[in-house]
Amino acid sequence: MEQELIALNLISNSGVARTKAFEALSKARKGEFNEAKSLLKEAEESSLLAHKAQTELLQAEANGEKLDYSIIMVHAQDHLMTSMLAKELIEEMVKMYEEFKK
């Protein structure tokens, strides 16, 4: 897969993961925990797709392939990192909302 396509894959799937995670937070705030957990599962699926794309790059470089890094690739990595962090934090926040609601 071309690097540009991998970068776009990272950006797209990371963006979906982040969006789903924040939708889950909104649902949890309203006490809609089943919906929140479902959205977090969707976020995880998108996050895994993004992570798979990143792994392709890591494997290529580990196998000696010279990769050209561009600003779009840096941007893609930023998207992945921030979406993963947001998802992890929001998972904890959903749990907190659920505990507070009890």
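**Entry 1: the fold**

I counted the elements first: the protein chain has 3 helices and 0 strands. The model is a predicted one. Reading from the N terminus, I get the order α-α-α. I then looked up the extent of the C-alpha trace, which spans about 55 × 20 × 15 Å along its principal axes. The protein chain has 102 residues, and 32% of them count as buried. I also checked how far apart in sequence the contacting residues are. Among contacts with a separation of 6 or more, 77% join residues 24 or more positions apart.

**Entry 2: the cores**

Next I looked for nonpolar cores. The largest has 12 residues, among them Ile6, Leu10, Ala50, Leu57, Met73 and Leu80. Which helices supply it with at least two residues each? I found H1, H2 (33–62) and H3 (71–101). There is also a second, separate core of 11 residues. Ala21, Leu25, Ala28 and Ala43 are included in that second core.

**Entry 3: H1 against H3**

I took up the packing of H1 and H3. Their axes lie 8 Å apart, at an angle of about 20 degrees. Angles under 35 degrees count as roughly parallel, so H1 is roughly parallel to H3. I noted the handedness too: H1 passes H3 in a left-handed crossing.

**Entry 4: Ser14**

I turned to a serine in H1. Ser14 lies in this helix, which covers residues 3–29. Is Ser14 buried or exposed? Its relative accessible area is 1%. The limit for buried is under 20%, so Ser14 is buried.

I then asked what lies by its side chain. A polar atom there is 2.7 Å from the backbone oxygen of Leu10. Leu10 itself belongs to the largest nonpolar core.

Leaving out residues up to four places away in sequence, I listed what Ser14 touches: Asn9, Ala50, His79, Leu80 and Ser83. Two of these, Ala50 and Leu80, are members of the largest core.

**Entry 5: Ser47**

I looked up another serine. Ser47 sits in helix H2. Its relative accessibility is 7%. Ser47 therefore counts as buried, by the under 20% limit. Which residues does Ser47 touch, not counting those up to four places away in sequence? I found Ala17, Met84 and Lys87.

Conventions
Residues are numbered from 1 along each chain as its sequence is written. This is a predicted model: local features need pLDDT of at least 70, side-chain atom pairs count only at pLDDT 80 or more; totals for chains, interfaces and linings use all residues. Side-chain values use heavy atoms; hydrogens and water are left out. Helices (H or I, at least four residues) and strands (E, at least two) are DSSP runs, numbered from the N terminus. Buried means under 20% relative accessible area, exposed over 50%, partly exposed in between (1.4 Å probe, protein chains only). A polar contact is a pair of N or O atoms within 3.5 Å; within protein, one must be able to donate a hydrogen and the other to accept it, and residues adjacent in sequence count only if both atoms are side-chain atoms. Contact means heavy atoms within 4.5 Å. A nonpolar core is a set of buried Ala, Val, Leu, Ile, Met, Phe, Trp, Tyr and Cys residues joined through side-chain atoms within 4.5 Å. Axes are lines fitted to C-alpha atoms, for helices over the stretch in contact, and angles run from 0 to 180 degrees between N-to-C directions. Angles under 35 degrees count as roughly parallel, over 145 as roughly antiparallel, 65 to 115 as roughly perpendicular and the rest as oblique. A crossing is left-handed if the near helix is turned anticlockwise from the far one by less than a right angle, and right-handed if clockwise.
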